[in-house]
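Subject: A structure for you to look at

Hello,

I am handing over a structure that you have not worked with before, and my notes on it follow.

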Amino acid sequence: MIRLHSLLLLSLLLVFQSVQAQAQTLEQRIKALPDVISVKKMENNEFFKQAFVVMVREPLDYQHPDSGSFAQQVIVSHLGYDKPVVFITEGYSGEYAATPKYLNELSLLLDANQIFVEHRFFGKSVPDSIDTKWKYLTVENSTADYHHLVQMFRKIYHGKWVSTGISKGGETCLYHRARYPKDVDISVPYVAPLNFSPEERRHAAFIEHITGTKEGRNKVTAFQHEVLGRRDQLFPMFQTLCDEKKYTFRIPLEAVYDYCVLEYSFSFWQWGHDIDEIPDPDAPSQEIFDHFVQISSPEYFSIEGSKGFLPFFVQAARQLGYYAYDMTPFADQMTIKSTKGYLTRIWLPKEAQFPYSPAMSEKVDKYLRSNAKHILLIYGGWDPWTASAVEPGNNKSVVKIIKPEGSHRTRINDLPDDLRQKAINTLKHWLSE
């Protein structure tokens with residue numbers, strides 16, 4: 001009888017605690033999570049019911065917690081506690097997501113909550129004295145940030161979890177999934193490269209032989225030759241622009257001009273420009289110049305322009321890899337003799353230089369070809385980054401969709417109808433399992 005009485009009391013206590021928990025507001029639930037520093041309500045859009053900017057304390061180094069910590073920005077957009085969660089692994093700054101305008105297409109497609117995470121060392125997620133802390137900017141630490149946050153917010157959200165990211169965020173999504181495969185149920189990386197060296201040769205070959213049409217590729221190359229051939233007329237304009245913008249560089253300005261020419265083809269195809277935008281060969285020099293710097297601005301190579309992207313270049317040179325330039329077709333028109341080592345030479349201060357290791361990319365590659373499940377890859381057929389797209393091999397649990405003629409802007413919503421439906425059906429099937 002006493003045992004029955006105790007069980008009844010315990011049952012009533014559990015019911016009371018459940019009711020009490022349900023009575024808590026979302027803001028109270030978030031504030032009660034470990035390592036939450038602050039919670040600020042923000043305006044939500046019509047799709048979500050509530051939204052908050054949350055700052056979370058993260059260790060600088062998970063292997064050595066005594067090394068210090070920093071605050072990481074997380075934006076939580078709420079729809080329902082039992083609905084799916086779209087977990088966004090942004091690779092850069094996340095300020096754009098801290099506004100009601102931001103709505104990830106997967107949140108809408110899957111009727112899901114949205115948790116957006118700004119990458120460590122970007123935006124507001126920057127430690128004090130960052131110049132002395134670059135050694136903590138590793139794939140191991142950044143993916144541990146995401147693991148930590150999933151563990152935290154799973155105490156609130158109990159539905160299926162879908163991780164996603166675009167470009168570098170897509171890379172981050174893959175690294176996170178490979179290191180912590182049970183954190184989420186599904187992953188949707190968009191236009192995510194997987195590189196194995198700091199200067200990959202695959203992208204240049206892709207631009208030369210695959211992207212666009214033969215006519216388009218020839219026109220792009222001809223324009224690059226035209227810009228180099230008109231150096232005497234265009235370089236003074238180039239110099240004036242850099243002076244007006246107060247750009248400074250780690251390499252001579254003549255070399256910057258050459259690199260802008262080399263970058264032109266990558267940028268042109270990456271962002272899906274039309275070949276009709278390219279001026280005719282007999283166009284005035286001002287028209288040639290305006291188009292040139294619109295597609296390939298010297299700002300990209302400047303210390304000022306790359307400041308917000310410096311953490312990316314640190315990661316690219318250390319673990320993520322990047323692309324090489326092929327200057328062979330233009331060598332006799334250029335002032336530079338070689339592009340080898342350009343990533344470090346152009347962007348990295350001495351304190352942010354580390355040896356490159358492909359180990360984490362190799363780990364992801366092995367995982368995707370063997371144990372990975374429920375990963376949907378989205379790529380653009382003409383995007384140079386597709387040159388280093390994931391190759392899942394015989395793993396049928398990894399689905400790869402390439403949009404014909406697509407650029408780096410490729411998303412599920414702008415796929416052709418049949419491919420779009422395939423993507424949606426795949427996701428809904430996985431969610432139902």
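**Two residues in loops**

Ser167 sits in the loop between β6 (161-166) and α5; helices (H or I, at least four residues) and strands (E, at least two) are DSSP runs, numbered from the N terminus. Before going further, please note that this is a predicted model, in which local features need pLDDT of at least 70, side-chain atom pairs count only at pLDDT 80 or more, and totals for chains, interfaces and linings use all residues. Residues are numbered from 1 along each chain as its sequence is written, and side-chain values use heavy atoms, with hydrogens and water left out.

Back to Ser167: its phi is near 60°, a positive value in a residue other than glycine. Ser167 counts as buried because its relative accessibility is 15%; buried means under 20% relative accessible area, exposed over 50%, and partly exposed in between (1.4 Å probe, protein chains only).

Val191 also deserves a look, as its phi is positive, about 40°, although Val191 is not a glycine. You will find Val191 in the loop between β7 (186-190) and α6 (202-209). With a relative accessibility of 1%, Val191 therefore counts as buried.

**The sheet**

Next, the strands. An open sheet of 9 strands runs in the order β1-β2-β3-β5-β4-β6-β7-β8-β9, with mixed pairing; two strands pair if DSSP finds at least two bridges between them. At its edges are β1 (36-42) and β9 (398-403), each of which pairs on one side only. From one strand to the next, the twist averages 20°; the axes behind such angles are lines fitted to C-alpha atoms (for helices over the stretch in contact), and angles run from 0 to 180 degrees between N-to-C directions.

Within this sheet, β2 (residues 50-59) and β3 (residues 69-78) pair in the antiparallel sense over 10 bridges. Val53, for instance, has Ile75 in β3 as its bridge partner.

**Open pockets**

Now for the empty space. Rolling a probe the size of a water molecule over the atoms shows where empty space is left. The rule uses a 1 Å grid over the protein atoms alone: a cavity is a set of points where a 1.4 Å probe fits but cannot get out, a pocket is an open set with protein on both sides within 12 Å along at least five of seven lines, and lining residues have an atom within 4 Å of a point. Grid points are joined across faces, edges and corners, and a volume is the space filled by probe spheres set on the points.

The largest pocket holds about 880 Å³ of space. It is lined by 36 residues, and the closest to its centre are Tyr92, Gln270, Trp271, Tyr300 and Phe309. The elements that give two or more residues to this lining are α5, α9 (253-270), α10 (285-295) and α11, and α9 gives the most, with 4 residues. By class, the lining of the largest pocket divides into 15 nonpolar, 14 polar and 7 charged residues. Here Ala, Val, Leu, Ile, Met, Phe, Trp, Tyr, Cys and Pro count as nonpolar, Asp, Glu, Lys and Arg as charged, and the others, Gly among them, as polar.

The second largest pocket has about 360 Å³ of space. Of its 20 lining residues, Ala204, Ile207, Glu208, Thr221 and Ser265 lie nearest its centre. Two or more residues of this lining come from each of α6, α7 (214-229) and α9, with α7 giving the most, 6 residues.

How many cavities of 30 Å³ or more does the rule count? The count comes to 2. The largest cavity has a volume of about 60 Å³, and its lining includes Met42, Phe48, Tyr102 and Gln114. By class, that lining has 6 nonpolar, 5 polar and 1 charged residues.

The second largest cavity has about 40 Å³ of space and is lined by His119, Val139, Ser142, Thr143, Thr172, Tyr175, Gln315 and Leu320. The elements that give two or more residues to it are α4 (139-153), α5 (168-179) and α11 (310-320), and α4 gives the most, with 3 residues.

As for α4 itself, 13 of its 15 residues are buried.

Enjoy exploring!
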